[in-house]
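The sequence and the structure are shown first, and the description follows.

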Amino acid sequence: MSQSPEGFPDIHLVGVAKSFAGAGRAVEAVAQVDLVLDGGQMTALVGPSGCGKSTLLRLIAGLERPSEGRITIGAESPDELRQRAGLAVAFQDAALLPWRTVESNIALGRALARKPRDPEMIAELITLVGLSGFERRRPAELSGGMRQRAAIARALAGEPELLLLDEPFAAVDALTRDRLNAELPPLWEARGATSVLVTHSVAEAVRLSDRVIVLTPRPARVAADIPVRLPRPRGPEAVASGEFRALCTQVTEALRDHQYPESVAAQ
C-alpha cells in the first residue's frame, strides 16, 4: 500500500544502503535500511553525530541516490516527486535569499513548487509563524529564530506532500528552540504532509513526532522503532508528564545501547 488512509504518501525504504568514495576505500553511511514511514505522520530520525541521519534524509529527498535498494514515496520515486515539486526541505541553515523580503522569500516557495500566486495564503503563513510586521524586512534584519520561521513557512507555502526537516532548530538558542517546538508543529500538522525530522535532541524528537526511529552509529541501521502516542498539542504540561519523560528515557537508552565500543570511539 503506497498511500495512508488519509491519502498522504507512505515512504517505503527497501534494502537501502549508501556508500561514498573515500581515500583508498568506500565509506559506508547507510546499511540495509528497511522501513515504511506512514503517510500523514511526523517521523523523527535520531542517532549519534555522523551516523547517517542526514544522508538518509537526502536519500528520501532524492538529493542522493542509494548505492543499493530502492525508495518509493506513494507510487513515485524521490526524483519523480521532486521533479513535480511534491516535496520541500528545510535545513539547519535557513538559506533565505538575502535580497528578498520575508514576504518574498516565503512566496518563493510557491513559485518553486509551480503553484499560482496566493497573497492571502502567504499573509496567513506570515501570521502563523509570528512574523507579522516583518513582512518587508530582509534576512539580515531578523534573529536566527525568525529566519527559521520564515524558512519553514517557505517550505509549507508550496503545499508539499512530503516535508523534510534537517535539524531545522539547531542553529538557535535553547529558549528559542523550545518556543519553536511549541509554536510551529500546528503549521505542518494542519496541512497533513508526510514529514520526516532529523534531530540530535531526544526531547525534540518525542515532542514533535508520532514515531522515533533510533539509528546506530555509522553505517546507519535501525536500532529501535518507538511509537509516540502522546495527545496533541504537546505544550508544557505534556512535556512535564511522566509519559513524556518515559519515552525520552526509552529513546535515550536505545541510543546508549548502540554507542560505539570504547575501542572504536578512542580512534
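In which helix does arginine 177 lie? Arginine 177 lies in helix H6. The description below rests on a predicted model, and it begins with the whole chain before returning to this residue.

## Overall form

The protein contains eleven helices and nine strands. Its radius of gyration is 19 Å, close to the 18 Å that the globule rule gives for 267 residues, so the protein is as compact as a globular protein of that length. Taken along the principal axes, the box filled by the C-alpha atoms is roughly 55 × 40 × 40 Å.

Of the 267 residues, 49% count as buried. Among contacts between residues at least 6 apart in sequence, 70% join residues at least 24 apart. The protein exposes about 12,700 Å², and carbon and sulfur atoms supply 52% of that area. There are 31 positive and 33 negative side chains, and the centres of these two sets lie 5 Å apart.

In soluble globular proteins, nonpolar side chains tend to be buried together. Here the largest nonpolar core has 49 residues, and those with the most contacts inside it are Trp188, Val212, Val214 and Val251. Helix H5, residues 144-157, gives the largest share of this core, eight residues. A second, separate core has 26 residues, including Leu37, Ile60, Leu164 and Val198.

Which residues does tryptophan 188 touch, not counting those up to four places away in sequence? They are Met42, Ile152, Leu156, Leu163, Leu165, Phe169, Ala193 and Leu208.

## Helix H3 and its neighbours

Helix H3 spans residues 102-112, and its buried residues are Val102, Asn105, Ile106, Leu108, Gly109 and Arg110. These buried residues pack against helix H4, residues 119-128, and against H5. Just after H3, arginine 114 takes a positive phi of about 55°.

Is arginine 177 buried or exposed? Arginine 177 has a relative accessible area of 17%; because buried means under 20%, it counts as buried. Leaving aside residues up to four places away in sequence, arginine 177 touches Glu167, Phe169, Ala170, Val172, Thr199, Ser201 and Glu204. Arginine 177 and leucine 13 are 164 residues apart in sequence, and their C-alpha atoms are 30 Å apart in space.

Glutamate 204, one of the residues that arginine 177 touches, has its place in helix H8, residues 202-208. Glutamate 204 is buried, with a relative accessible area of 1%. With residues up to four places away in sequence again left out, glutamate 204 touches Phe169, Arg177, Asn181 and Thr199.

## Loops with positive phi

Glutamate 167, another residue that arginine 177 touches, is found in the loop between strand E6 and helix H6, residues 174-183. Glutamate 167 has a positive phi of about 45° although it is not a glycine. At 6% relative accessibility, glutamate 167 counts as buried.

Glutamate 159 lies in the loop between H5 and strand E6, residues 162-166. Its phi is positive as well, at about 50°, although glutamate 159 is not a glycine. At 44% relative accessibility, glutamate 159 counts as partly exposed.

## Leucine 87

Leucine 87 lies in strand E5, residues 87-90. At 13% relative accessibility, leucine 87 counts as buried. Beyond residues up to four places away in sequence, leucine 87 touches Ala61, Pro78, Leu81, Arg82, Pro160 and Leu162. Leucine 87 and glycine 158 are 71 residues apart in sequence and 8.4 Å apart in space, C-alpha to C-alpha.

## Cis peptide bonds

Where does a cis peptide bond join arginine to proline? One joins arginine 218 and proline 219, with omega about 0°. Proline 219 has its place in the loop between strand E8, residues 211-215, and strand E9, residues 222-227.

A cis peptide bond also joins arginine 232 and proline 233, and there too omega is about 0°. Proline 233 lies in the loop between E9 and helix H9, residues 236-239.

Notes: Residues are numbered from 1 along each chain as its sequence is written. This is a predicted model: local features need pLDDT of at least 70, side-chain atom pairs count only at pLDDT 80 or more; totals for chains, interfaces and linings use all residues. Side-chain values use heavy atoms; hydrogens and water are left out. Helices (H or I, at least four residues) and strands (E, at least two) are DSSP runs, numbered from the N terminus. The radius of gyration is taken over C-alpha atoms; the globule rule is 2.2 Å times the number of residues to the power 0.38. Buried means under 20% relative accessible area, exposed over 50%, partly exposed in between (1.4 Å probe, protein chains only). Contact means heavy atoms within 4.5 Å. Accessible areas come from the Shrake-Rupley method with a 1.4 Å probe; for residues, only the protein chains shown count as cover. Lys and Arg count as positive and Asp and Glu as negative; His and the chain ends are not counted. The place of a charge is taken as NZ of Lys, CZ of Arg, CG of Asp or CD of Glu. A nonpolar core is a set of buried Ala, Val, Leu, Ile, Met, Phe, Trp, Tyr and Cys residues joined through side-chain atoms within 4.5 Å.
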